[in-house]
Amino acid sequence: MGKPLIGDGQMLAMHATMVHLRSLPQEMNPAPARASGTRREPDVALLAAALLQVRPGDLLVVGHGASLAAEVLALAQQWTFSPEHTATQVTVSAGAETLFAAGHAYSQMRTSRAGDDAPVTVALLPAEPRMSAAFAEAMRLAGENTLPLIIILQDGPAASAQRIDSIPNVEVVRIDAADAVACCRVMQESLLRARNRWGSVILHAVHLPGAADAVVAFETHLKRRGLEF
């Protein structure tokens with residue numbers, strides 16, 4: 001058997017991060033309310049799987065979910081036992097995330113060389129801005145300049161999530177926000193693509209009907225793999 005694409009240590013770190021995020025006070029949960037008035041749980045699987053892979057030198061742009069993103073980056077730094085091992089996080093006004101991220105990615109592209117260690121800009125945002133002029137302009141910039149940019153778009157139920165089409169040099173990948181393994185693998189491939197200047201990626205994370213609890217499903221996967229948590 002070959003080496004697993006997601007190492008044991010990374011799997012356990014993802015689980016610990018998911019459990020930690022779920023334990024945080026509700027006031028740190030920026031997830032929007034549903035029509036019923038109840039708040040949606042934050043995408044703990046998506047955040048843990050994606051943001052633990054952001055490296056020093058990368059920039060994480062947030063306007064929504066800043067507190068939870070900071071928690072993930074802090075845990076990533078803690079587990080490396082290295083104070084220098086942390087990405088930079090910047091919080092901007094809601095709606096400005098994509099254009100800010102595209103501009104920074106353009107700067108990264110102009111000042112660094114493509115390769116496995118090249119810096120990447122990652123933007124974390126809710127679904128609302130996806131049809132905005134700013135979002136469309138960021139996609140245009142990313143496509144025309146092959147930017148080292150990843151946009152993580154947190155959406156609602158898959159049935160009501162509006163389709164976003166890929167354009168040249170910008171690949172749109174729809175993923176299950178509750179499937180930590182899938183989110184991790186897609187983020188691995190997206191970072192490889194962005195670091196090597198092969199194009200930008202939009203991770204369109206949606207919620208599938210009848211999906212199992214994200215933490216419980218991941219723990220079942222860990223048990224099948226023989227990992228203690």
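In strand 4, Leu124 has Ile152 as its bridge partner.

Q: What makes strand 3 and strand 4 a pair, and which way do they run?
A: Two strands pair if there are at least two bridges between them. Strand 3 and strand 4 are joined by six bridges and run parallel, so they count as a pair.

Q: How do you know that strand 1 also pairs with strand 3?
A: Use the cut-off of at least two bridges again. Strand 1 (residues 59–62) and strand 3 (residues 121–126) have four bridges and run parallel. Leu60 stands opposite Val122, and Val61 stands opposite Ala123.

Q: What is the order of the strands in the whole sheet?
A: The six strands follow the order 2-1-3-4-6-5 in an open sheet, with parallel pairing.

Q: Why are strand 2 and strand 5 said to stand at the edges?
A: Strand 2 (88–91) and strand 5 (170–176) each have a single partner strand, so one side of each has no neighbour in the sheet. On average, neighbouring strands here are turned by 20° against each other, direction ignored.

Q: Which strands does helix 2 touch as it packs on the sheet?
A: Helix 2 touches strand 1, strand 3, strand 4 (149–157), strand 5 and strand 6 (200–207). Its direction makes about 170° with that of strand 4.

Q: How do you know how far to trust this picture?
A: This is a predicted model, and pLDDT is the predictor's confidence in each residue, from 0 to 100. The chain averages a pLDDT of 89, and 89% of the residues score at least 70. Over residues 33–38, however, pLDDT stays under 50. Where pLDDT is low, the predicted coordinates should not be read in detail.

Q: Why is Asn169 called partly exposed?
A: Partly exposed lies between the buried limit, under 20%, and the exposed limit, over 50%. Asn169 has 32% relative accessibility, so it counts as partly exposed. Asn169 lies in the loop between strand 4 and strand 5, and it has a positive phi of about 75° although it is not a glycine.

Q: Which residues have the most contacts inside the largest nonpolar core?
A: They are Met18, Leu51, Ile150 and Ile152, in a core of 48 residues. Helix 2 gives the most to this core, with eight residues. Beyond four places in sequence, the contacts of Leu51 include Leu60, Leu124 and Ile152.

Q: How are helix 2 and helix 6 placed against each other?
A: The axes of helix 2 and helix 6 (residues 180–195) come within 8 Å and cross at roughly 35°. The crossing is right-handed. Ala45, Leu46, Ala49 and Ala50 in helix 2 meet Ala180, Cys183, Cys184 and Met187 in helix 6.

Key
Residues are numbered from 1 along each chain as its sequence is written. This is a predicted model: local features need pLDDT of at least 70, side-chain atom pairs count only at pLDDT 80 or more; totals for chains, interfaces and linings use all residues. Side-chain values use heavy atoms; hydrogens and water are left out. Contact means heavy atoms within 4.5 Å. Helices (H or I, at least four residues) and strands (E, at least two) are DSSP runs, numbered from the N terminus. Axes are lines fitted to C-alpha atoms, for helices over the stretch in contact, and angles run from 0 to 180 degrees between N-to-C directions. A nonpolar core is a set of buried Ala, Val, Leu, Ile, Met, Phe, Trp, Tyr and Cys residues joined through side-chain atoms within 4.5 Å. Buried means under 20% relative accessible area, exposed over 50%, partly exposed in between (1.4 Å probe, protein chains only). A crossing is left-handed if the near helix is turned anticlockwise from the far one by less than a right angle, and right-handed if clockwise.
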